[in-house]
2 protein chains.
Amino acid sequence: MDPTPADVRIAALVIERLVHHTPVLRSRRIDAWAGRNVWMKAEHLQRSGAFKFRGATNAVWSLSEAEARRGVATHSSGNHAGALALAAYDRGIRCTVVMPAGAVAPKRAAAKSYRANIVECEPTLEARERSLAAVVADTGAVEVHPYDHARVIAGAGTSALELLEEVPDLDAIVVPVGGGGLASGTSIAVKEVGARARVVGAEPAGADDAARSLAAGHLLPQDRPETIADGLRTSLSPRTFRMLSAHLDSIVTVPDDETVAAMAMVWSATKQVIEPSAAVAVAALRHLDSAEKVGVILSGGNVDLRNLPW
Amino acid sequence: MDPTPADVRIAALVIERLVHHTPVLRSRRIDAWAGRNVWMKAEHLQRSGAFKFRGATNAVWSLSEAEARRGVATHSSGNHAGALALAAYDRGIRCTVVMPAGAVAPKRAAAKSYRANIVECEPTLEARERSLAAVVADTGAVEVHPYDHARVIAGAGTSALELLEEVPDLDAIVVPVGGGGLASGTSIAVKEVGARARVVGAEPAGADDAARSLAAGHLLPQDRPETIADGLRTSLSPRTFRMLSAHLDSIVTVPDDETVAAMAMVWSATKQVIEPSAAVAVAALRHLDSAEKVGVILSGGNVDLRNLPW
């Protein structure tokens, strides 16, 4: 079942006391740079450093006691790993993360610091899925997919819900698109509050499977992504493709050099550490046709400080 | 005249609508790392990116109309330059900044972006003072010294005033010490609110003139400072030496490697961009004898992102 607008509202209630109600930031320099008024939803300040904690928490706390006792498992090279680990830690249950070699160092460290059991594997989708299947067979853990999961999507949508409660009359909300969970959740959140905001996806030019799939009208997986936005290298799933086909208003692709410039601009203007995936959405702010009042979801801030893209 | 505790209260009223009431940040990771509960006053989010804007604003808006018409001038390689430029811009008066070659690039750019007139000079104190005297003779501008100035010191103290309004029962407040303006202002702010907090200075080991001066009982200027904390290379003035002798509870010196580690810790745990001078005070948190509840002033966030110390 695809999640509904009401599921976003339910998710907001489920996770209310477990997540940070993140601030919405303004900056005159960013406004001038983007050529519009910008409200930045600061999910890099979310627990675990990314919006992913919302969906992970919604999934973990929606489990029955019997399910929870089996623990949770996922495969992820990124923010979902740390988010699920922390959500499981909160609930006091086991978490196993299958993580490919080559994950961004602080993202690996985060999952470890939240006591997840890390299982390393080769950096291919096949190896990940095989390893995860083995973990599930071994431990009976409940799989929580990073985005192809109704409660994860509904949880992701709660960020836009909060943003629209604070700034109801936005013309558009820009969100980064990797697997499409945040974009899907945001598009149904807008419907839940009856806002007029358009939802605009932002994708790296070097991992533009969503733009190509939506243009073609069928799912085109991403192979060989080439982008510094390590959180956006994944492909849509049939579920997120279906949801974005129905609800996404438009999608913008951004070359990496613009992402790097946007990232540096946000760091220096706002003193906020955002990761490349978040900067993709900021860069997209300069590509909108119209829209005076725009929200953007700063999706995360987990960066390898020793390996910056400038 | 040295500023009094009441002058900090007056400054808070003068600058109230012109400065940001900056947030106070908490982080469990920082608490664990420091071994105590830490409240971080986020002056890197202040206008112009540093607490310096408080003192500059207090000085600029305390001028009579006749004085203001003459404009203001200063010599500074750092945050005071941008702060004074922005304060002058707010009031609609001219600002000239004498800036030595070798200033941190974004600090120079900030002063320029706020429309200051920049006069370059050799990077010696003598050259700075000579150039500034020439500017004052030429234009009749009112000099606003970066720290040896009663209203600048009183303005700097308003940060601690806000911090203590939010967290009244701190055991200590740690502040970085360069010229001693922030430490002086903080020490009288504590008296103004009748707080029991000790005021602890934090100085780079490679620019420890305040620690040496306070130990010796007389002013020992800093020559050849060697530290990455570009904001803390200056010497105390007779005024700040006098105030710190009377009011500062203790002073800690921090080697640069600890400053770099503290800076990286704050960036990764809180996603906040703080500059090395601010990180000196964070590093000092691990050197306190006692004190369970500690405030620290994150003095600024103006960093050259292309030239990070790790």
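Across the interface of chain A and chain B, nine residue pairs are found in polar contact, both residues being at pLDDT 80 or more; a polar contact is a pair of N or O atoms within 3.5 Å, where within protein one must be able to donate a hydrogen and the other to accept it, and residues adjacent in sequence count only if both atoms are side-chain atoms. The model is predicted, with local features requiring pLDDT of at least 70 and side-chain atom pairs pLDDT 80 or more, while totals for chains, interfaces and linings use all residues. Residues are numbered from 1 along each chain, chains are lettered from A in the order in which they are written, and side-chain values use heavy atoms, without hydrogens and water.

In this interface, 16 residues of chain A are in contact (heavy atoms within 4.5 Å) with 16 residues of chain B. The buried area, that is, the accessible area (1.4 Å probe) lost on putting the two parts together, summed over both, is about 1,300 Å², and carbon and sulfur atoms give 63% of it. On the side of chain A, A:Lys271, A:Leu305 and A:Trp310 lose the most area to chain B, together 46% of what that side buries.

Within chain A, helix α1 (residues 5-15) packs against helix α3 (residues 52-61) at an angle of about 80°, with axes 9 Å apart. The two helices, α1(A) and α3(A), are therefore roughly perpendicular, a term covering angles of 65 to 115 degrees. Helices are DSSP runs (H or I) of at least four residues, numbered from the N terminus; axes are lines fitted to C-alpha atoms over the stretch in contact, and angles run from 0 to 180 degrees between N-to-C directions.

Notes
Angles under 35 degrees count as roughly parallel, over 145 as roughly antiparallel, 65 to 115 as roughly perpendicular and the rest as oblique.
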